[in-house]
Amino acid sequence: MTLPLGDHLRTLEIGGRQRRYLYHVPAAPPPSRSYPLVLSFHGSNSNGQIQQEFTAMNETADRHGFLVVYPFGTGERERLLFWNAGNCCGPAFRRDVDDVAFIDVLLVRLQAELPIDPRAIYATGMSNGAMMAYRLAAERASAFAAIAPVAGTMGSSSCTPSQPVSVLHIHGTEDEFV
């Protein structure tokens, strides 16, 4: 299967709401017949495109041959979006947006359309996005090989994953917010 290289912005409907995601097909071929996948979640008051620019993850994906997807949260403004990370944040939390269901549908779609290694799906995120990665590890442990949250903590009071999920937690002592 030949995939068009570069960035692709897509939408899907879930719960009567149009949801967006941006994915990047790397220049490097996959390490096997299928690609590892990294979901990269933006923080509060941000979006997938800003996360893409902020992390420079595309360059890493190009060097190492993995797909990277930048899902977009929800909110009132295009560039000011949030994730419902369990007990946080913003309008997504207040409106009880089912972001876990969004990621469930997104993973099904991605696996139907792209050659993804189901044993090599990872989640990372910044701040509120890190909280979303934790929520997915707790509620959808079987879908993820590991998570790497950055500058964010677990956003729920309970954590009962169906199986262990490896975690690389990245956080600095200078963080004044989380």
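Reply: Happy to. Helices (H or I, at least four residues) and strands (E, at least two) are DSSP runs, numbered from the N terminus. The model is predicted, so local features need pLDDT of at least 70 and side-chain atom pairs count only at pLDDT 80 or more, whereas totals for chains, interfaces and linings use all residues. Residues are numbered from 1 along each chain as its sequence is written, and side-chain values use heavy atoms, with hydrogens and water left out.

Let me start at helix 2, residues 57-64. Its buried residues are Met-57, Asn-58 and Ala-61, where buried means under 20% relative accessible area, exposed over 50% and partly exposed in between (1.4 Å probe, protein chains only). They sit on the same side of helix 2, because they cover an arc of only 100 degrees around the axis (taken from the directions from the helix axis to the C-beta atoms). Their packing partners are strand 1, strand 2, strand 3, helix 1, strand 4 and strand 7. Just after helix 2, Gly-65 has a positive phi of about 75 degrees.

Helix 1 holds Gln-52, which counts as buried because its relative accessibility is 11%. Beyond residues up to four places away in sequence, Gln-52 is in contact (heavy atoms within 4.5 Å) with Met-57 and Asn-58, and also with Asp-7, Leu-22 and Tyr-70.

Now to the nonpolar cores, each a set of buried Ala, Val, Leu, Ile, Met, Phe, Trp, Tyr and Cys residues joined through side-chain atoms within 4.5 Å. The largest has 33 residues, and those with the most contacts inside it are Leu-37, Leu-39, Ile-103 and Leu-110. Two or more residues come from each of strand 1, strand 2, strand 3, strand 4, helix 4, strand 7 and helix 5. Helix 4 gives the most, seven residues. Leaving out residues up to four places away in sequence, Leu-110 touches Tyr-21, Leu-37, Leu-39, Val-69 and Ile-116. Apart from this core lies another, of nine residues, including Val-38, Ala-61, Phe-66 and Phe-72. In soluble globular proteins, nonpolar side chains tend to be buried together.

What about the rings? The whole structure has three aromatic pairs (Phe, Tyr and Trp rings, the six-membered one for Trp, with centres within 6.5 Å; planes under 30 degrees apart are stacked, over 60 edge-to-face, the rest tilted). Tyr-21 and Tyr-23 are stacked, because their planes meet at 20 degrees, with centres 6.4 Å apart. Tyr-21 is buried at 0% relative accessibility, and Tyr-23 is buried at 6%. Phe-41 and Trp-83 are edge-to-face, 5.0 Å centre to centre and 85 degrees between the planes. That pair links distant parts of the chain, 42 residues apart: Phe-41 is in strand 3, and Trp-83 is in the loop between strand 6 and helix 3. Phe-41 is buried at 0% relative accessibility, and Trp-83 is also at 0%. Ring pairs join Phe-41, Trp-83 and Phe-102 into a cluster. Over the face of Phe-102 lies Arg-19, 4.0 Å from the ring centre (the criterion is NZ of Lys or CZ of Arg within 6 Å of the centre and within 35 degrees of the ring normal).
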